[in-house]
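Subject: Handing over a structure, with notes

Dear colleague,

I am passing this structure on to you, and my notes on what was found in it follow below. Please read them with the model open beside you.

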Amino acid sequence: MTSQRKHLVKDFNRFITCHVCKGYLIKPTTVTECLHTFCKSCIVQHFDDSNDCPECGIQVHETNPLEMLRLDNTLEEIIFKLVPGLREKEQQQEIEFWRSRKSKENGEEDGSRSKRSRLDDDDDDDDGGDGDYHRSDPQIAICLDCLRSNSLVGENIVRGLMKKFIRCSTRVTVGTIKKFLSLKLKLPSSYELDVLCNGEIMGKDHTMEFIYMTRWRLRGENAYPMVLEYRPRIDFG
C-alpha cells in the first residue's frame, strides 16, 4: 500500500504569494479584470503610479482601477491555516499601526471625547445580540457630516446627526454606516443614501480602513478624524 505524500507549504507558494512583494498574501485582493491576486497594500500602492495589472500588464481601468478590486476572504483564511503564526503576526502589526495613529490624535481626543459616540455603544437603535461588535479590532474615529443641497430630493428628511463623531472598527463597511445612519435618522427602509469621501461616492463593501488608506490619508497626516459625508442617493439614470 503506497503512502500518500505530505504536501509542504512551499508546494503552494505560487498560489499564496504576492507577485509584487514576493511575500505571503496579506488581505488578498483580486483584480476583477484579470483575476490576479495581490496583497491589498501592494496593489493599492501600485495603482498610485499605474492603471495596469503588475502581473499581466492589462489595463484595469482607464481612470480609477481601485474600483476593480475585491477582497478574497476565503483565500485569506486558507493562507492563515497553511502558514503557522501568520495571522497573529499580521494582527499584531495592524494593532501597532493603528496604535501609532491613535497616539497622534491624543491631544485632540482628550478635549473632544465627550462629543463622540461609539457605533457599537449607541442605545436602543441597534439590533442587540451577544457579540463583541469588533471591539477588539483596531478602531478609527469618523465624523459623519450631512451634505446639504437645496436641489436634492429628500433633503427635508436627511438631516445632520446630533452626535456626528463616532468610533468604530476599521473593518466596518460603508453598508454598515448606511444602516447606522438610517436608524439614527429614522429613514424608511426603502430610502437610500450615498456616502462620500473627498467628494467621491464610496461602494457599500468598502471598509473604513480601505477608505482611510486609499482616499482620506491623501489629505495629509493632520487630517483627523476622517470625514464621511452623506446625502440622499442621486439616481443618474
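A polar contact here is a pair of N or O atoms within 3.5 Å, where, within protein, one must be able to donate a hydrogen and the other to accept it, and where residues adjacent in sequence count only if both atoms are side-chain atoms. By that rule the side chain of Lys-27 makes a polar contact with the side chain of Glu-209, at 2.6 Å.

Please keep in mind that this is a predicted model, in which local features need pLDDT of at least 70 and side-chain atom pairs count only at pLDDT 80 or more, while totals for chains, interfaces and linings use all residues. Residues are numbered from 1 along each chain as its sequence is written, and side-chain values use heavy atoms, with hydrogens and water left out.

Lys-27 is found in the loop between helix 1 (13–16) and strand 1 (28–31); helices (H or I, at least four residues) and strands (E, at least two) are DSSP runs, numbered from the N terminus. The side chains of Lys-27 and Glu-209 also meet in a salt bridge (2.6 Å, N to O), a term for a side-chain nitrogen of Lys or Arg within 4 Å of a carboxyl oxygen of Asp or Glu. Because Glu-209 belongs to helix 7 (residues 208–214), the pair ties together parts that are 182 residues apart in sequence. Glu-209 is buried, with a relative accessible area of 12% (buried means under 20%, exposed over 50%, partly exposed in between, with a 1.4 Å probe and protein chains only).

The structure holds 10 salt bridges, and another of them joins the side chains of Glu-67 and Arg-215 (3.3 Å, N to O). This pair links distant parts of the chain, 148 residues apart, with Glu-67 in the loop between helix 2 (40–46) and strand 3, and Arg-215 in the loop between helix 7 and strand 9 (226–232). Glu-67 is partly exposed at 28% relative accessible area, whereas Arg-215 is buried at 6%.

Arg-233 forms a salt bridge with Glu-192, the closest N and O atoms being 2.5 Å apart, and a network of salt bridges links Glu-192, Asp-194, Arg-231 and Arg-233.

Finally, in helix 3 (residues 73–82), Leu-75, Glu-76, Ile-79 and Phe-80 are buried. They cover an arc of only 140° around the axis, which puts them on the same side of helix 3; the arc is that of the directions from the helix axis to the C-beta atoms. On the other side of helix 3, Thr-74 and Lys-81 are exposed.
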